[in-house]
Amino acid sequence: MDMWDSVVEAIPIPGILVDQNGRILESNAAARQLFSDQINDRHYIAALRQPSILDALEQALASGETTSAQFLAADERGDVTFEATCTPVGDTGHVLACFEDRTAMEEAGQMRRDFVANVSHELRTPLTALLGFIETLRGTARDDTTVRERFLGIMEREASRMNRLVGDLLSLSRLEAEERLRPTDPVQLPAVVRSAVHALGPLAAEHEVHVTTSGLDGDFTVLGDADQLAQVATNLVENAIKYSGPGTNVDVSVQSTDAHPMIQGDAALLVVSDTGAGIDMFHVPRLTERFYRVDSHRSREMGGTGLGLAIVKHIVNRHRGRLRIESETGKGSRFLVVLPRGEARERHENSDELS
Ligand SMILES: Nc1ncnc2c1ncn2[C@@H]1O[C@H](COP(=O)(O)OP(=O)(O)OP(=O)(O)O)[C@@H](O)[C@H]1O
Ligand SMILES: [Mg+2]
């Protein structure tokens, strides 16, 4: 029995060994953590309880063939899905049940399905509009030049919306592909932010938002990708302008500091804050998920697809930086980007891959 004990203990995932009478002979520490400390010597029916796994074990014991089943459990992370495989052990009459954690795969599959559904949905809306207008232009509006002009205007807007969406998706997938490659060019961050803010002047005017800046005439570099850093500034400032409403203030500041605690090294900070409506705490952790919008109707009206902050997050990750979002409803929001300024130590990133 000692040998069985060591063999079962050596299995790197939860494993239990059941004899031909259904008694649990051995279990490893991982299995005892999953079920209970006292499963040894008990009958598997009493110890495991879930019908799917009971059936699989029963069948393996009776037929001498390998069976498998899904096993659901919960731990501090939430629901966990296991794939249990029950394998008869030679001609001992014993069956070894091993539990492989499939949660990550299940989640990845779910994410992929959600992603495809989201993309299809976002593309379908403008496409349906385009098809509708084309039909109208062919039919009733055929000879009406004013209507035609108006419809063409809408069609152009819808088509550019699709164009933007596809562009954003492409840059996200490009970013994902190169996320492990840290950019190496010295980039003048203040100048990059300055030109991004400058380019958004007309948008600010249109939304009657007052933009103030500080530190944009600074002179220091970060190791980065200039286009991507410009994208970060653009997306953050554009959001602040779009979602804050007329009469509010947006402040953009850039500075360089030594030994910043968030990245444990010399850092460059970009802070975009606004005096807009703010974001409910509930939404804040999810803002960097693809397609996540607080008020999807309002955002969509402004041409938004909910990819802007996902792109920001990926770029910041690629630069080995940190993004922090602070917001209070009624008071406004503050988006802080901390970038390592120079030759930072390489750290192992546990970036949340698909957010
Ligand atoms: N400064 C802000 N104030 C209030 N809400 C904001 C602010 N920035 C972002 N949000 C909210 O976060 C959501 C996600 O922003 P994100 O930039 O990712 O997408 P979007 O602006 O809707 O679309 P896109 O940027 O792709 O055009 C927005 O829809 C908006 O609801
Ligand atoms: Mg945006």
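**Sheet, helices and ligand shell in a predicted model**

Ile 24 of β2 is the bridge partner of Val 18. That contact belongs to a predicted model, and it is a handy way into the fold. Strand β1, covering residues 15-18, pairs with β2 in the antiparallel sense, and three bridges link the two. Both strands sit in an open sheet of five, ordered β2-β1-β5-β4-β3 with antiparallel pairing. At the edges are β2 (24-27) and β3 (67-75), each of which pairs on one side only. Ignoring direction, neighbouring strands of this sheet are turned by 25° against each other on average.

Now for the helices on that sheet. Helix α1 (residues 2-10) lies across β1 and β2, and runs at about 50° to β2. Helix α4, made up of residues 51-63, also packs on the sheet. There α4 touches β1, β3, β4 (78-88) and β5 (95-101), and its direction makes about 150° with that of β3.

Ligand 1 is surrounded by 22 residues, the closest being Asn 239, Val 294, Gly 304, Gly 308 and Leu 309. Two helices, α9 (226-244) and α11 (308-318), each supply at least two residues of this shell. The biggest share comes from α9, with four residues.

How values were computed
Residues are numbered from 1 along each chain as its sequence is written. Chains are lettered from A and ligands numbered from 1 in the order in which they are written. This is a predicted model: local features need pLDDT of at least 70, side-chain atom pairs count only at pLDDT 80 or more; totals for chains, interfaces and linings use all residues. A residue is near a molecule or strand if its C-beta atom, placed from the backbone, lies within 6 Å of it. Two strands pair if DSSP finds at least two bridges between them. Axes are lines fitted to C-alpha atoms, for helices over the stretch in contact, and angles run from 0 to 180 degrees between N-to-C directions. Two residues are in contact if their C-beta atoms, placed from the backbone, lie within 7 Å.
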